[in-house]
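Please read these notes beside the sequence and the model.

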Amino acid sequence: MAGRKAYADVSLCKGCGLCVEACPVQAIVQTTQLNEKGYEVIQVDADKCIGCGSCYTTCPDYVYEVR
Amino acid sequence: MIQTLRKPDRIVQPCGFCGGCGHGVIQRLIAECLEELGISDRAINCVDIACCFWTLDGMDLDGIAGPHGRLPAVATGIKKTRPDDIVYIHAGDGASYTIGIAETVHICLRDVPVTMIVVNNGVFGMTGGQMSLGTTLLGQATTSTPRGRNESSNGSPGDFLQALSQFDFEFAARGALYSVKEINRTKQLIKKGFQNQMEKKGFSLIEVLSACPTNWHLSPVAANKRVEEVVAAQFPLRVYKDRGGMSDG
Amino acid sequence: MAETRFMKGNEAIAEAAIRAGCRFYAGYPITPQSELLEYMGAHMEAAGGTFVQGESEVASISMVWGAACAGNRAMTSSSGPGFDLKQEGIAYLASYEAPAVVVSMMRYGIGGGDITAGQDSYLQAAKGGGNGDYRLLVLCPNSVQECVDFTYQAFDLAEKYRNVVLILGDGAVGQMMQNVVLPDYVEPNINRYDWVIKGRAAGEKKNKATNLNWYMGDRPWEAHIREKLHRMQEQEQRWESYLVEDAELVYVAIGVSSRVAKQAVKMGRAKGLKLGLIRPITAWPFPRKAFEAVNPDVKGYMVVEMSIAGQMLEDVYGATQFSKPAYCCCTGIDIPVAEDVLARAEQALRGELEPEVAL
């Protein structure tokens, strides 16, 4: 998984927070920033991300791509 | 080669469900299984009226929305007409275990080679969170049992998957979505259900314990915790029957 | 090579359906049409089709909904309270304009009613019964040969209009036995229409079998349905007229009652009474055009029907625009008797009957 990272399309995010809970290295934080639909979205810290895919697996809204 | 994780191509719309709802994960697991098994071109999506309905347009597949609770019958008509297509049902617990229990029982008895995924979140989600007679837990507050489900007036919920598994059909198992591990395990159960159909085996029933944060009035994280600690204690996660001999591991 | 066979009405419908290419039947037993289901159980598999004895009428029509949307020629059948239960699925078929053939062999009564012949599902059949503003094309056989012919045509008509076709018989027609000429076999093709649901490759246009207004837009869909129903109303009125051009009183009847009424016309004519008969073959669209050929000086119409209060009466008043009195000869649980039907006409012509009030 060397170099693999999670990329988030926060326009799809509903701020449910499940990925924040699932991330094993606390690389995802909930922000107060709103997307077009008015949801408070998450943010990924690429430096911390280990590309494990937990966020992709738990996200019900297809926000993540891990590559 | 490093594996990329990306939404399957057959999902063509942003998810229409409430934030934190398990339906979106289930839709993705279904699409992933179809893609990985190479059967997307043969798949027909049979959705029940209620929240599942969002997947009718969400999935780039031919689909059908049947009368509430009748999807096992609808899918039977389709599968008998097109036996080489992969016919699956995406339905809720209210449809499958309450209004449509006769249809669910009889697709088990007929052992029609269809894959049925029952999303059990213990409430009627689409109509506003009323009691689901088969699955709402005792004491659980819903919009039709605001002081909690009371055994004397509403009876008790039941483990329908366990009860149905006494019949002679292919595969019955229960999964959940409260952790990465359980989501991955649930995906294997759904995949098994599709493989059975590819191999012209019988009926596969996969129940998935799912959270309804909106109607449970819990945060998505707390709702998932409730599934893990409370709901799964009532409805155990395991393989209930497997004629093909899938282990419970 | 035409084949002649001595058959019961119910069985003749089943045989004609198989010959028309019907390859999916689901139903739930109910008197007086169970022979239809039993015949399918005995013969459908040999034709390469599927027979399912459903867990209920509701499930059976839902199976038909699935099979029809998947492109099969599909059928179900019932009677009375069982036909009630079909309404949910029939409305779903109408919502996607999926074609299917439904059979209702009417029985007597209200609610559970009784198991003997009746004709009081007329309004439910002709006017709807499920949710929404749809109509069924309703064909009413009055002989075993017509059971064959109408069923055979029904699948083509259902697909022509993308509309459910209902074979509306009654227990007496279903139980009647006659020699029939059977038509040739049609081989079905489940892929012949572009609206069917099936597995499709990425990039292909997908079909969603549900309310079409979501995909067509509400107003265009409403216009489309309105246009279709009016086209059917104009093009599909069918009837048999018998001696109406000089008639002083014209019976209007379907099914077993029309057979008796025709006999009453003959008996009346033998006595010098100018009677006639309009037999609607389509209960919807009701054959209003049939009334244009009636003697303009006709003194009235008489509905002969096995009902309590006269269900077809309002259609007769509608067709005549209330220009003539209409009477009822409602026999309820009893099959009409020609002598009684004739006597009732004589009473009307002597001015001894009040015109019947349509409820």
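How many salt bridges does a search of the whole structure find over all chains?

1. The search finds 46 salt bridges over all chains, a salt bridge being a side-chain nitrogen of Lys or Arg within 4 Å of a carboxyl oxygen of Asp or Glu. The model is predicted, so local features need pLDDT of at least 70 and side-chain atom pairs count only at pLDDT 80 or more, while totals for chains, interfaces and linings use all residues. Residues are numbered from 1 along each chain as its sequence is written, chains are lettered from A and ligands numbered from 1 in the order in which they are written, and side-chain values use heavy atoms, with hydrogens and water left out.

2. In chain C, C:E146 and C:R279 form a salt bridge whose closest N and O atoms are 2.7 Å apart. The pair links distant parts of the chain, 133 residues apart: C:E146 is in helix 6 (residues 144-161) and C:R279 in strand 12 (residues 275-280). Helices (H or I, at least four residues) and strands (E, at least two) are DSSP runs, numbered from the N terminus. C:E146 is buried at 13% relative accessible area, and C:R279 is buried at 3%; buried means under 20%, exposed over 50%, and partly exposed in between (1.4 Å probe, protein chains only).

3. C:E159 forms a salt bridge with C:R192, with 2.5 Å between the closest N and O atoms. C:E159 lies in helix 6 of chain C and C:R192 in the loop between strand 8 (177-182) and strand 9 (208-209), so the pair ties together parts that are 33 residues apart in sequence. C:E159 is buried at 11%, whereas C:R192 is partly exposed at 29%.

4. In chain B, the salt bridge of B:K201 with B:E199 has its closest N and O atoms 3.0 Å apart. B:K201 is partly exposed at 28% relative accessibility, and B:E199 is partly exposed at 47%. Elsewhere, a network of salt bridges links B:R28, B:E32, B:E36, B:K187 and B:K191.

5. Which residues are buried in helix 5 (residues 101-110) of chain B? They are B:E103, B:T104, B:V105, B:I107 and B:C108. Their cover includes helix 4 (93-99) and strand 4 (115-120) of chain B, together with helix 3 (57-69) of chain C. After helix 5 comes B:D111, with a positive phi near 55 degrees.

6. The contact between chain B and chain C (heavy atoms within 4.5 Å) takes 34 residues from chain B and 37 residues from chain C. About 2600 Å² is buried between the two chains, and carbon and sulfur atoms give 54% of that area. Buried area is the accessible area (1.4 Å probe) that two parts lose on being put together, summed over both. B:D62, B:T81 and B:R82 supply 24% of the area that chain B buries against chain C, more than any other three residues.

7. Across this interface of chain B and chain C there are 4 salt bridges. In a salt bridge between C:K206 and B:D60, the N to O distance is 3.3 Å. On the side of chain B that touches chain C, helix 3 of chain B gives the largest share, 7 residues.

8. Strand 2 of chain B and strand 9 of chain C pair in the parallel sense over 2 bridges; two strands pair if DSSP finds at least two bridges between them. The bridge partner of B:G63 in strand 9 of chain C is C:K208.
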